[in-house]
Amino acid sequence: MRNLEQTHLTASDRPVYLTLAAVTMIWGGTFVAGRFLAGSISPLFTASLRFLLASVALLGFLWIARIPLARPTPGQWLQLTLLGFFGIFLYNLCFFYGLQYINASRASLIVALNPAVIGLASWLLFKERLGRAKVAGIAICITGAGLVIVSRDPQLLAVTPDAWIGDLLIFGCVLSWGVYSLFSRGLNQSIGPLQTVTFSVLIGSAMLWALATLSGEVSGAALISLGTAQWLSLIYLGVFGSALAYIGYYDGIRKIGATRSGVFIALNPLTAVVLGALLLGEQLTLSMCLGGGLVLTGIYLCNKPLAPMRKRRIL
């Protein structure tokens, strides 16, 4: 059976690349949306509301499209619960609480390790081939993303007494996203990306709401105090940044594999910087542009065709 990670670069792959690029642009916009919510409500309550809206959007789409919910087997329920725990619940806890100790730029630098972690785990756990071009592409992506982030905030490496706690928590995000990316393989093929995302979001959302309720962070007064900008930010985070983006990402994994899809995450800081310049008037520098060029080069190397190499071996 052909390995998903060895799929050739064909014309049919181009819509997948465009979708993954769009997903990254949406995720880049979540940083802007998050700024409008900063200080308005607690991080845990924000995450709970985000995925409640995502759950409503996903169920609404299934209803409008007249797509019935799948009936997972016990084994599939266990997989979906793991995805909901790692990809939704644990990821958001690590992310929001990690940001209590370190700034967003330092966190972004750690999150930029995602492609390397996904690629390495794919090789170790699933014996997927990592050729020289892919290894070089992943390394160049990380370098480019790091250059963009450091150029944006030169002080991000400044050490604070509890920075190591934040670093560990944000690295927990990287590990959680790796699990969410890699262990969806069978589900994406059997019940499809839409059903996989819907169930994992519903399960993760229930976990977040349970913890928020038990910790006393659910507040009706906080909801009433939210303005239009905050509500629009929540809708963007839930509907676009979670429901639609997660479906697009999982569909990419199903079609071209986790490693090749994962490198697109390196576009995240680049799109965040570009959107910050367009929407918030932030300055673009030459180093940021150079870093963006490296990211695009790395993505190309990681996704370039393998056919010529195979022909040479046959000859």
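User: Is Phe51 buried or exposed?
Analyst: In this predicted model, local features require pLDDT of at least 70, side-chain atom pairs count only at pLDDT 80 or more, and totals for chains, interfaces and linings use all residues. Residues are numbered from 1 along each chain as its sequence is written, and side-chain values use heavy atoms, with hydrogens and water left out. Buried means under 20% relative accessible area, exposed over 50% and partly exposed in between (1.4 Å probe, protein chains only). Because its relative accessibility is 0%, Phe51 counts as buried.

User: Which kind of aromatic pair do Phe51 and Tyr246 form?
Analyst: Rings of Phe, Tyr and Trp (its six-membered ring) pair if their centres lie within 6.5 Å; planes under 30 degrees apart are stacked, over 60 edge-to-face and the rest tilted. The structure holds 17 aromatic pairs. For Phe51 and Tyr246, the centres are 6.2 Å apart and the planes make 70 degrees, and the pair is edge-to-face.

User: How many residues apart are Phe51 and Tyr246?
Analyst: Helices are DSSP runs (H or I, at least four residues), numbered from the N terminus. Phe51 lies in helix 2 and Tyr246 in helix 11 (residues 228-256), and the pair links distant parts of the chain, 195 residues apart.

User: Why is the pair of Tyr91 and Phe95 stacked?
Analyst: Both residues lie in helix 3 (residues 74-98), four residues apart, about one turn of the helix. Tyr91 and Phe95 are both buried. Their ring centres are 6.3 Å apart and the planes meet at 10 degrees, so the pair is stacked.

How values were computed: Helices (H or I, at least four residues) and strands (E, at least two) are DSSP runs, numbered from the N terminus.
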